[in-house]
Every structure is written in structure tokens, then in C-alpha cells.
Amino acid sequence: MTGKIAYFGKNGKVGFEEHELPEVEPGAMLVRVLSSNICGSDVKNWKTGASLGVGGDKTCQGHEFVGRIERLGEGVTKDYAGESVKAGDRVVAAYYITCGECRACKIGRYDQCGNAYIHLGQSPDDFPYFSGTFATHYYIHPRQYFYKVPDTLPDSLAAGANCRFSQIYYGLEHIGITAGETLLIQGAGSMGLYACAIAKEKGVTTIVIDSVAERLEVAREFGADHLINMTDLPQMADREAAVKALTGGRGTDAAVEVTGVAAAVEEGLHHLAPMGRYVIIGTNTLSAQATLSPGYITRKSLTVTGVARYLPEYLHKSLVFLDKFQHKYPFDNFSSMTFDLNDLEKGLEMVANRKVIRAVVESGDESNA
Ligand SMILES: [Zn+2]
Ligand SMILES: [Zn+2]
């Protein structure tokens with residue numbers, strides 16, 4: 001039996017390959033991809049020819065997905081939350097592996113595993129061929145955390161749990177936000193919206209800053225308490241005064257940067273209260289530069305940290321959260337379009353041109369595989 005793989009070529013073109021489905025090693029599994037979102041990093045890799053992971057002239061990409069177990073490797077009986085799994089169950093998997101051998105893994109900081117990407121971005125010509133989720137099938141490696149999807153959670157929400165939702169959830173808990181605190185959210189994109197809902201359920205008051213009125217309105221639907229529109233307040237000093245006015249003159253207890261704009265980091269330092277905690281998530285390219293006033297960190301004794309990836313258990317927590325609150329917040333309300341696997345390039349283009357927030361790739365009826 002064969003499956004189909006869409007791969008990224010060096011020339012920014014998407015190519016296709018049919019391949020025999022792989023034999024599954026002990027501890028691994030093969031899933032039928034039900035739905036796969038196009039993530040911002042997919043678009044970046046497509047445009048630049050870069051790759052998360054191994055890289056080369058042909059790379060398998062795609063990682064925000066939900067799949068149905070087709071082949072179970074020897075010894076796989078439970079997911080990483082201890083739930084029994086069998087062929088036919090829907091699962092999601094972290095997009096990286098945790099080697100269990102490096103120093104980060106040894107102290108439980110799996111999000112910083114030094115070997116996280118040894119399988120990602122492989123060529124479709126190399127075993128196990130199905131190394132990205134832009135394909136009919138996807139191979140989940142041993143030591144790649146995976147979780148069974150609750151029956152009541154639709155594919156569209158389960159696919160989004162991987163990557164963005166898990167990362168923001170982990171980021172917020174990494175700086176220990178807790179009931180009664182105030183949180184500044186810089187950016188009302190999908191991660192900022194998720195942050196609003198997570199903070200709300202924790203009893204945290206949120207202030208969201210963005211420059212687009214429509215995005216701020218959506219933030220309100222996701223539970224945001226206060227909104228600051230940068231277009232109305234173009235001067236940082238005025239935004240600082242607004243945040244102070246909302247926090248009894250102190251500033252916020254915590255802040256999260258999910259703008260992807262490096263200059264936002266300096267502003268975050270201004271809005272934080274003494275002893276505030278700051279997590280940077282959106283700005284993750286090494287080339288992004290910004291000016292910074294370290295004196296704010298010193299004088300206010302701020303804690304500044306960053307989060308790339310997430311602890312795998314957050315993928316499970318995200319499934320639970322989305323399942324529980326799927327009807328309370330408009331998670332399924334992002335402008336969404338579905339593309340056939342054959343039209344992957346069109347979907348990438350739509351996301352690149354900001355024509356759609358969520359692009360979903362499907363590879364047709366399961367029985368066609
Ligand atoms: Zn992603
Ligand atoms: Zn490791």
C-alpha cells in the first residue's frame with residue numbers, strides 16, 4: 001500500500017511523491033493524516049528553502065495535525081498520558097522528539113532537547129519517508145510524545161493544539177501566572193487569543209495590545225478584559241500611562257510577547273510592575289534586532305525568559321483545555337480555508353499573503369489511501 005507525500009523543494013516549489021508505507025519499528029506508529037494546518041514556520045521554510053530539522057533539497061514539512069492510527073509498532077499500548085491506544089484511535093503528536101539522553105532531557109526540560117529535530121524535515125526518500133504531515137500518512141517515532149484525542153474534540157481544534165496552543169500554554173505557566181494577577185498580552189494573533197482564554201480560566205486579568213481594531217474585538221470574545229489599540233495611542237508613553245491606569249499605577253505582574261516584532265520587547269519591559277515576569281515567544285528569529293534598556297530589568301528586578309517549543313505534557317493539557325472550553329470561546333471562528341493536499345502551494349500562498357488565518361490541508365477520503 002502506498003501513500004502520498006508533498007515535499008518542499010529547494011526552489012520554493014512543492015513536489016509530490018508516492019511511497020510504499022513503511023514498516024513500523026517497535027515503539028513507533030504510522031497514522032493516516034486527517035487534517036494538517038499550515039503554520040507560520042511552514043510558510044517561512046517554503047519561501048526561504050530553509051527547514052526545521054534535517055533539511056536538504058527535498059524536505060517533508062507540516063506538523064500541526066491530527067491523525068488516525070493505522071499501524072502500531074511493537075510495545076505501543078498507551079499514549080504518554082497513560083491512556084490505552086489501538087488502531088483507529090485519533091492522536092496528535094509533538095512535532096519534535098525528546099532524546100532522553102541530553103542534559104536538558106535529563107533534567108526534564110524536554111522543550112530544550114538538543115536532538116529535538118533529528119527526524120523533522122527529512123527527505124521523502126529516506127526512511128520512514130512520511131516525516132511531515134503534508135502527506136496522507138505520518139510516522140511517529142519512538143520517544144515522540146503523542147496523545148489520544150478526546151472523542152468530543154473535532155479534528156479542526158485538535159490539529160491546532162500542536163504548536164501554537166501548547167506553546168502559549170506552556171509559556172504562561174513557565175512564568176507562573178496565577179489567580180488575581182494581571183497579564184499583558186502583546187499581540188492579538190492566534191497565540192494572543194489563546195492566551196486570553198487560558199488566562200481567563202486561571203482568574204488572571206488581561207490587557208491586550210495590538211494595532212488592529214478587528215483583532216482586538218476578537219480578543220474580547222476570547223475573554224480579554226482590557227484592550228489597547230496602538231493606532232489610537234501611537235506613543236509608547238501614552239500606552240504606558242494606559243497600562244498604569246489599569247493596574248493601580250504598578251504595571252502588570254506578567255507579560256507575554258506574541259507579536260513577532262522585536263521592538264515589542266523593549267515596550268514589555270516598560271509595562272511590567274516591579275518583580276514582573278516576562279516571556280518572549282513571538283520573536284524567535286536570530287536575525288531580529290531591537291534596542292533594549294536593560295536598566296528596566298535591573299531596577300524593577302524583572303525576570304525575562306523565552307519559550308520555543310513546549311514541554312510535551314502541554315500538548316495533553318491543551319487537548320483537555322480545548323475539549324472543555326470548545327463551546328465557551330470561538331476557537332473555530334478564525335478565518336479558515338481547506339485545501340486539498342494537491343493544492344498545498346495555493347494554501348501556503350494564501351497564508352503568506354495573510355488572506356486566511358488558518359489554512360487546513362486535507363488529503364482526501366481515508367479510503368483513497
Ligand atoms: Zn508550528
Ligand atoms: Zn534530549
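The following questions and answers set values computed from a predicted model against the definitions behind them.

In this predicted model, local features need pLDDT of at least 70 and side-chain atom pairs count only at pLDDT 80 or more, whereas totals for chains, interfaces and linings use all residues. Residues are numbered from 1 along each chain as its sequence is written, chains are lettered from A and ligands numbered from 1 in the order in which they are written, and side-chain values use heavy atoms, with hydrogens and water left out.

Q: Why is the pairing of Lys13 and Glu345 called a salt bridge?
A: The term requires a side-chain nitrogen of Lys or Arg within 4 Å of a carboxyl oxygen of Asp or Glu. Lys13 and Glu345 meet at 3.3 Å, N to O, and therefore qualify. The structure holds 18 salt bridges.

Q: Why does the pair of Lys13 and Glu345 tie together parts apart in sequence?
A: Lys13 lies in the loop between β1 (2–9) and β2 (14–20), while Glu345 is in helix α10 (residues 344–352), so the linked parts are 332 residues apart in sequence. Helices (H or I, at least four residues) and strands (E, at least two) are DSSP runs, numbered from the N terminus.

Q: What is buried between domain 1 and domain 2?
A: The domain assignment, automatic or from a database, gives domain 1 (2–149 + 335–368) and domain 2 (166–306). Buried area is the accessible area (1.4 Å probe) that two parts lose on being put together, summed over both. By that definition the two domains bury about 300 Å², 41% of it on carbon and sulfur atoms. In domain 1, Lys44, Arg109 and Asp111 lose the most area to domain 2, together 67% of what that side buries.

Q: How many salt bridges does the rule find across the interface of domain 1 and domain 2?
A: The rule finds zero salt bridges there.
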